[in-house]
There are 2 protein chains.
Amino acid sequence: MPTDTITMTPIGVVSSPRTDLSDDDWGSVESTIIITSPDLRDDALLGLDTFSHLDVVFYFNRVTADDIEHGARRPRGRQEWPLVGILAQRAKARPNRIGVSCCRLISVNGREIRVQGLDAINHTPVLDVKPCMREFQPIGDVTQPAWSHELMKDYY
Amino acid sequence: MPTDTITMTPIGVVSSPRTDLSDDDWGSVESTIIITSPDLRDDALLGLDTFSHLDVVFYFNRVTADDIEHGARRPRGRQEWPLVGILAQRAKARPNRIGVSCCRLISVNGREIRVQGLDAINHTPVLDVKPCMREFQPIGDVTQPAWSHELMKDYY
């Protein structure tokens with residue numbers, strides 16, 4: 001049983017015009033991922049600009065340990081939506097506080113990665129950046145409950 | 001600059017017939033994610049079975065600190081492919097050793113999640129499970145370099 005603690009160090013940080021924890025309208029937001037890790041060489045980004053999209057793994061650092069949901073709750077607290085387990089939603093108040101999002105790559109300039117549609121606010125620590133590949137997209141039709149479509153209606 | 005260390009605890013573990021670090025043919029592999037965290041209640045999985053696919057965040061625990069690539073290398077060491085930065089590939093020997101993969105959900109039984117196509121070997125620590133939603137898929141066409149298509153040819 002893997003109860004060992006794992007330690008991580010951010011490789012970078014998000015610089016974004018979005019500074020609040022509002023939930024919607026991320027699609028047009030342009031932001032910058034700045035690679036700050038002294039352990040990473042500049043060539044760690046070599047060839048990144050040959051991809052159109054990135055998966056960004058980040059840390060919801062504004063969520064406190066007390067905020068974390070360990071069971072189920074209604075998404076966004078909305079009474080018209082069902083009780084849903086924290087592992088069956090993408091809310092930020094989750095165990096380990098890891099966010100994973102896909103965004104469009106605009107440009108790479110040295111250690112600065114310009115992106116569009118990254119749903120992480122200013123100063124968010126970045127744990128990893130990976131290139132999107134079509135082969136890693138879901139295989140077969142993606143189906144999901146109605147509440148999740150309603151929740152995502154204005155997200156991007 | 002976010003240099004603070006972040007601590008995580010696995011929420012579960014992968015039980016898989018794949019025990020070796022071979023790279024290909026994951027598509028038909030069926031495995032089980034067992035939620036082992038004593039902090040998570042059973043209802044943390046409530047409603048998970050209303051989704052067809054999951055994003056699984058896991059930890060490449062077999063990669064040692066010395067293995068981690070901090071710059072660029074040829075994917076799989078293949079001379080016919082270009083030098084590519086570690087952030088521009090999805091190799092496991094990466095900073096923070098985080099893997100993110102989409103797989104098909106077969107069933108949920110208590111704290112056991114049965115999946116198909118998860119590219120994580122037996123005993124891999126799981127850091128998070130999230131439902132796949134169509135709205136989180138890449139917006140616009142995904143483009144990528146030729147080497148990445150060649151590398152992924154037999155992956156799933």
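**View 1. Antiparallel pairing of β1(A) with β1(B) in a predicted model.** Strand β1 (residues 6–8) of chain B runs antiparallel to β1(A), and three bridges join the two. Strands pair here if DSSP finds at least two bridges between them. In this pairing, A:I6 stands opposite B:M8 in β1(B). Strands (E, at least two residues) and helices (H or I, at least four) are DSSP runs, numbered from the N terminus. The model is predicted: local features need pLDDT of at least 70, side-chain atom pairs count only at pLDDT 80 or more, and totals for chains, interfaces and linings use all residues. Residues are numbered from 1 along each chain as its sequence is written, while chains are lettered from A and ligands numbered from 1 in the order in which they are written.

**View 2. The rotation axis and A:T7.** Chain A is superposed on chain B by a rotation of 180° with 0.0 Å of shift along its axis (RMSD 0.0 Å). The two copies are thus related as by a two-fold rotation axis. A:T7 is the residue of chain A that comes closest to the axis, at 2.2 Å (C-alpha).

**View 3. The side of chain A that touches chain B.** In total, 74 residues of chain A are in contact with 74 residues of chain B (C-beta atoms, placed from the backbone, within 7 Å). Elements giving two or more residues to this side include β4 (53–59), β7 (98–109) and α1 (146–152) of chain A. β9(A) gives the most, with six residues. Because 100% of the interface residues of chain A are also interface residues in chain B, the copies meet through the same surface.

Note on methods: Least-squares fit on C-alpha atoms with pLDDT ≥ 70 in both. Contact = placed C-beta atoms within 7 Å.
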